[in-house]
Amino acid sequence: MERNTRIEEELFPFYALDALSREEREEVERYVAGNPEAQARLMEAMSAAAEFVADLEPITPSPVVKQRLMARIEAESPAAPVATPRAAARQVATPAPAKRRWWPGGLKGFYVGRALGFAVLLLLLGAFGLWQMSRQVGQLRDQVGDLQARVVELEGETARLQGEAGVLRTENDALRNELAASQDLLAHYQQPGMTTVAIGDASGANPTAVGTLTFDPATSEAMLSVANLPPLPAGSTYQAWLMIDQTLVSAGLFTVDERGVGTHRIADMTLDTLEGVGVSMEPEGGSEQPTPDKIILFGGVS
């Protein structure tokens, strides 16, 4: 059923305060009889009116107001005629029935009372409207508070997602750089005349550690590539070794990333006298000879 805003906005408050005529009450009751939603809204208005009236504190009228009202009624009442002795005797002889006033102060007093009642009703309706508006304002404030809390929560979630996106971008850039380096290394390996020597775990303690040494006769340079080497303790470094004439000669220091992957370029090298290639973990700054129990990779050249 279509909502009748006139009945709900203009008549519901007066219905809740029992201030409608019989026809208006019947109009409201016919409207809500076939409209459960409107009936629920009317019940809410009646509950709110009852709650409002229950919250009102009784006000004791001022004695001055009462005195003024009684004085005004007395002033507006017609003065009783002064009785003369003859008139008094005539009145005693033929008493006339006294007229009963149906409203203090006559017709004018009746309208004054109606006006005062209507004014009180208007005050009640205005106070009720203000109370209902105050309650709605409180509800709106609660909703605004909830929305503000949700906004703060979403801002925090957005900041977290932006942080994760930054980490992913960094990782993506690192992977791109690694891919580019791998492609360069693969291209280097595939050049004509290149010689590659494979080296592996020297002690059995690091079975996944591997490495290769690729020699370029055109430049007399070699590229040492390693993977899966154990992490370096603080104050340590990796050192490359070349075995020439049964003697291990240092070929430089290098480090690896968190996955144990690294590369190291060796210059001025000849493959004719090379007998083997090794990698050891040494103190920072390197050693003159490899530490025997720290040799990670080694491979011979046939």
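The model is predicted, so local features need pLDDT of at least 70 and side-chain atom pairs count only at pLDDT 80 or more, while totals for chains, interfaces and linings use all residues. Residues are numbered from 1 along each chain as its sequence is written, and side-chain values use heavy atoms, with hydrogens and water left out.

**Overall picture**

The protein chain holds six helices and eight strands; helices (H or I, at least four residues) and strands (E, at least two) are DSSP runs numbered from the N terminus. Reading from the N terminus, the order is α-α-α-α-α-α-β-β-β-β-β-β-β-β. Of the 302 residues, 24% count as buried, meaning under 20% relative accessible area with a 1.4 Å probe, protein chains only. Among contacts (heavy atoms within 4.5 Å) with a separation of 6 or more, 60% come from residues 24 or more positions apart. The accessible surface is about 21200 Å², and carbon and sulfur atoms own 58% of that; areas come from the Shrake-Rupley method with a 1.4 Å probe.

**Aromatic rings**

A search of the whole structure turns up two aromatic pairs. Rings of Phe, Tyr and Trp (its six-membered ring) pair if their centres lie within 6.5 Å; planes under 30 degrees apart are stacked, over 60 edge-to-face and the rest tilted.

| Pair | Centre to centre | Angle between planes | Class |
|---|---|---|---|
| F12 and Y31 | 6.3 Å | 50° | tilted |
| Y238 and F254 | 5.9 Å | 20° | stacked |

F12 is buried at 3% relative accessibility, and Y31 is buried at 4%.

**Strand 7 and its partners**

Strand 7 (residues 274-283) is mostly covered, with eight of its 10 residues buried. Strands pair if DSSP finds at least two bridges between them. Strand 4 and strand 7 run antiparallel and are joined by nine bridges, with I244 opposite L274 in strand 7. Strand 7 also pairs with strand 8 (residues 295-300), again antiparallel, over five bridges; here V277 faces G299 in strand 8.

Conventions: Buried means under 20% relative accessible area, exposed over 50%, partly exposed in between (1.4 Å probe, protein chains only).
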